[in-house]
Amino acid sequence: LRFVMFAGVLALIGGVGLVVFGAKRSPSIRTRMSLWGAWTFAIVSSIEALFAYGPHASGVKVYNFTDLSLLGDTMTTMYGQATLLRISLLLGFSLLLMKMEFRNKRLWRLSAIGASVAIAATLSAVGHPSGQSPVAFSFSLDVLHILAVSLWIGALFLITIDRKYWLQSTQSMLWFSRIAGYSVAVIAVTGVAQTMLLMNGPRNLFVLDYG
């Protein structure tokens, strides 16, 4: 569920970024369907994860997900609240996908950027940054890390799925190449910084399995 959730979110954020800032003409049907597919993966896996967390945390069988008391317990945790927020944000994101023709409007772009950052933040809120110190710094690094991965891998996914549309535009490919280069640099810096925080410095790098 976690893998599918991340795959959907990365493809959605990166794909929308490519469409908004890299596309010079109206997106093709295949591109639109790919974005809707990513959105579906992201929201369905988030809903499933919300119900599956209770049985997992309680150590009972997964078919107990219908136990509403477990769901109620989940909603008292950071995981439950962050996941519910992500579901709400994804529902709002569907309105942006339906109104793709307004992608050049300032309000549409600001809404898409804000929603993307917020969705990434819901993933970071329940990941390892929540247990690291300083929390705010680690949290910010993780959000940047997720957004950078999205702009690289998510956009590349969309180009791969719809090569006929994207490879015809030199401007789109130049935009992607430039952004991908910046993104890889950000991924490397934030990844190393997060590792150092998680490992409490380089001394444990060769001692712990994570290192």
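What follows is a walk through a few helices of this structure and some of the residues in them. The model is predicted, so local features are taken only at pLDDT of at least 70 and side-chain atom pairs only at pLDDT 80 or more, while totals for chains, interfaces and linings use all residues. Residues are numbered from 1 along each chain as its sequence is written, and side-chain values use heavy atoms, with hydrogens and water left out.

Let's start with helix α1, which covers residues 2-22. Helices here are DSSP runs of H or I with at least four residues, numbered from the N terminus. The 21 residues of α1 reach 29 Å from first C-alpha to last, close to the 30 Å expected at 1.5 Å a residue; that expected span is 1.5 Å times one less than the number of residues. Of the 21 residues, 15 are buried, so α1 is largely enclosed by the rest of the structure. Buried means under 20% relative accessible area, exposed means over 50%, and partly exposed is in between (1.4 Å probe, protein chains only).

Contact means heavy atoms within 4.5 Å.

Within α1, have a look at Val-20. Val-20 is buried, with a relative accessible area of 5%. Leaving aside neighbours within four places in sequence, Val-20 is in contact with Arg-103, Trp-108 and Arg-109. The C-alpha atoms of Val-20 and Ala-52 are 32 residues apart along the chain and separated by 34 Å.

Helix α5 also packs against helix α4, residues 78-98. Here the axes are 9 Å apart and the angle is about 160 degrees, so α4 and α5 are roughly antiparallel too. From α4, Leu-85, Leu-89 and Phe-93 are among the residues that meet α5, and the partners in α5 include Ala-115, Ser-116 and Ile-119. The residues of this contact divide into 14 nonpolar, three polar and one charged.

Another residue of α5 worth a stop is Ala-120, which is buried, with a relative accessible area of 0%. Not counting residues up to four places away in sequence, Ala-120 touches Val-143, Ile-146 and Leu-147.

Last comes helix α8, residues 170-199. Its 30 residues should span 44 Å at 1.5 Å a residue, and the end C-alpha atoms are 43 Å apart, which agrees. Within α8 sits Val-186, partly exposed at 31% relative accessibility. Val-186 touches Leu-144, Ala-148 and Gly-191, again not counting residues up to four places away in sequence. Just after α8, Asn-200 takes a positive phi of about 60 degrees.

Conventions
Helices (H or I, at least four residues) and strands (E, at least two) are DSSP runs, numbered from the N terminus. Axes are lines fitted to C-alpha atoms, for helices over the stretch in contact, and angles run from 0 to 180 degrees between N-to-C directions. Angles under 35 degrees count as roughly parallel, over 145 as roughly antiparallel, 65 to 115 as roughly perpendicular and the rest as oblique. Ala, Val, Leu, Ile, Met, Phe, Trp, Tyr, Cys and Pro count as nonpolar, Asp, Glu, Lys and Arg as charged, and the others, Gly among them, as polar.
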